[in-house]
Amino acid sequence: MIPILDLREQYHELKSEITRAVEEVFEGGHFINGPNVHALEKEIAQYIGTEYAVGLNSGTDALHLALRALDVGPGDEVITTPFTFVATTEAIGIVGATPVFVDIDPSTFNIDPSLIEAAITERTKVILPVHLYGHPAPMREIMAIAKKHNIAVVEDCAQSIGSTIDGKKTGSIGDVGCFSFFPSKNLGAYGDGGMVTTNRKDLADRMRGLRAHGGRVKYHHEELGVNSRLDEVQAAILRVKLPHLDRWIERRRANAQWYSDHLRAFATVPGETEGTLHVYHQYTIRVRDRDRVQEQLKDAGVQTMVYYPVPLHLQEVHASLGLGEGAFPHSEQAAREVLSLPMFPELSAQQREAVRNALREALAAQAVA
Ligand SMILES: *Cc1c(COP(=O)(O)O)cnc(C)c1O
């Protein structure tokens, strides 16, 4: 089976360094907010190009605490896309606010900026674009709208670390960038982890307090916080991996280029908007009769995934919004058609070719059927 993601080769390449880093943490005996967390925060801030970075226990909490720091709460609205992972709207719901969905641009799978202004009300507090699959959302347009209406912008960068738009890294453009180090992400830990980036000292300080029970001084609590810290072992592992990230992104992009060159003749391949650098967290094509094609690829030994089969406005968790089928047609069509192919830096030429051959056969069978 060609897996959609294989983390073993990366581990074997870095095994001795990772083992040493983890052993040093064990020997040091400092497991929470220790020297590796502080160093990683500095290194990520420098890599993304922001003044501050704050380590957290997940990408979900990065979104959650970014909204808390911006004082988003009950009665407030947050504009976002329905074609994303549920964590995006989970964070909105956890702070008591309401997600307001705007459909996607079918050519990029990201929020369509031309539809945002019509969704703004006096309750709109935040626009929350998701850089889906690692392709930057249209930040130039989004920032112009946000500025005009005096609304904050929180970027969901869980899939996009290292991607750029107009020369700037995602996560450095809005008020807060939210990152995930879930193991399958482009910079993955060996467990959960997350981080926020920002140029605003007030927000960085607030999120530092919120992650540790709502207080910056131990046993002094200003507000209700949570326990959401990045742990020292994960930070030590991420510090070994970070220097390799750009090289891994280059390899993902080379694999994506090969796929696009060799699949374009018979499949709808992903595009890359001018001025953006896509980091291909996922390489996602569109196919009709997707579920059958996926079955056939599986039989041919190629694992694929569907991110995501049900858009969020049709999920039971958001039934109270009263949105039905047809509300966001481009998101609904994408949910029916998307198929993500095996993609990771170490994907071999033979594996890529096997994927291409299997896909060509599955689609030829479809043409005959
Ligand atoms: C993975 C992901 C998250 C959540 O990150 P966790 O670290 O798993 O909590 C949020 N948004 C998107 C788009 C994601 O892909």
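This is a predicted model: local features need pLDDT of at least 70, side-chain atom pairs count only at pLDDT 80 or more; totals for chains, interfaces and linings use all residues.
Biologist: Which residues make the contact of H2 with H7, and how do they divide by class?

Modeller: On the side of H2 they are Pro 35, Asn 36, Val 37, Ala 39, Leu 40 and Glu 43, and on the side of H7 they are Glu 232, Ala 235, Ala 236, Leu 238 and Arg 239. Of these residues, seven are nonpolar, one is polar and three are charged.

Biologist: Why is H1 called oblique to H7?

Modeller: Helix H1 (residues 8-28) and helix H7 (residues 232-241) pack at about 140°, their axes lying 9 Å apart. Roughly antiparallel would require an angle over 145, whereas roughly perpendicular ends at 115, and therefore H1 is oblique to H7. H1 passes H7 in a right-handed crossing. The contact draws on residues including Leu 14, Ile 18 and Val 22 of H1, together with Val 233, Ala 236 and Ile 237 of H7; by class it has 10 nonpolar, one polar and three charged residues.

Biologist: How many aromatic pairs are there, and why is the pair of Tyr 307 and Tyr 308 called edge-to-face?

Modeller: The count comes to nine aromatic pairs. For Tyr 307 and Tyr 308, the ring centres are 5.6 Å apart and the planes stand at 65°. Centres within 6.5 Å qualify as a pair and planes over 60 degrees apart as edge-to-face, so the pair is edge-to-face. Both of these residues, Tyr 307 and Tyr 308, are buried. Elsewhere, one aromatic cluster is formed by Trp 258, Tyr 259, Tyr 280 and Tyr 283.

Biologist: How do you know whether Pro 345 counts as buried or exposed?

Modeller: Its relative accessibility is 6%, and buried means under 20%, so Pro 345 counts as buried. Pro 345 sits in the loop between strand E12 (338-341) and helix H11 (349-368).

Biologist: What does Pro 345 touch, leaving aside residues up to four places away in sequence?

Modeller: With those residues not counted, Pro 345 touches Trp 248, Arg 251, Arg 252 and Asn 255. The C-alpha atoms of Pro 345 and Asn 255 are separated by 7.6 Å, although the two residues are 90 residues apart along the chain.

Conventions. Residues are numbered from 1 along each chain as its sequence is written. Side-chain values use heavy atoms; hydrogens and water are left out. Axes are lines fitted to C-alpha atoms, for helices over the stretch in contact, and angles run from 0 to 180 degrees between N-to-C directions. Helices (H or I, at least four residues) and strands (E, at least two) are DSSP runs, numbered from the N terminus. Angles under 35 degrees count as roughly parallel, over 145 as roughly antiparallel, 65 to 115 as roughly perpendicular and the rest as oblique. A crossing is left-handed if the near helix is turned anticlockwise from the far one by less than a right angle, and right-handed if clockwise. Contact means heavy atoms within 4.5 Å. Ala, Val, Leu, Ile, Met, Phe, Trp, Tyr, Cys and Pro count as nonpolar, Asp, Glu, Lys and Arg as charged, and the others, Gly among them, as polar. Rings of Phe, Tyr and Trp (its six-membered ring) pair if their centres lie within 6.5 Å; planes under 30 degrees apart count as stacked, over 60 as edge-to-face and the rest as tilted. Buried means under 20% relative accessible area, exposed over 50%, partly exposed in between (1.4 Å probe, protein chains only).
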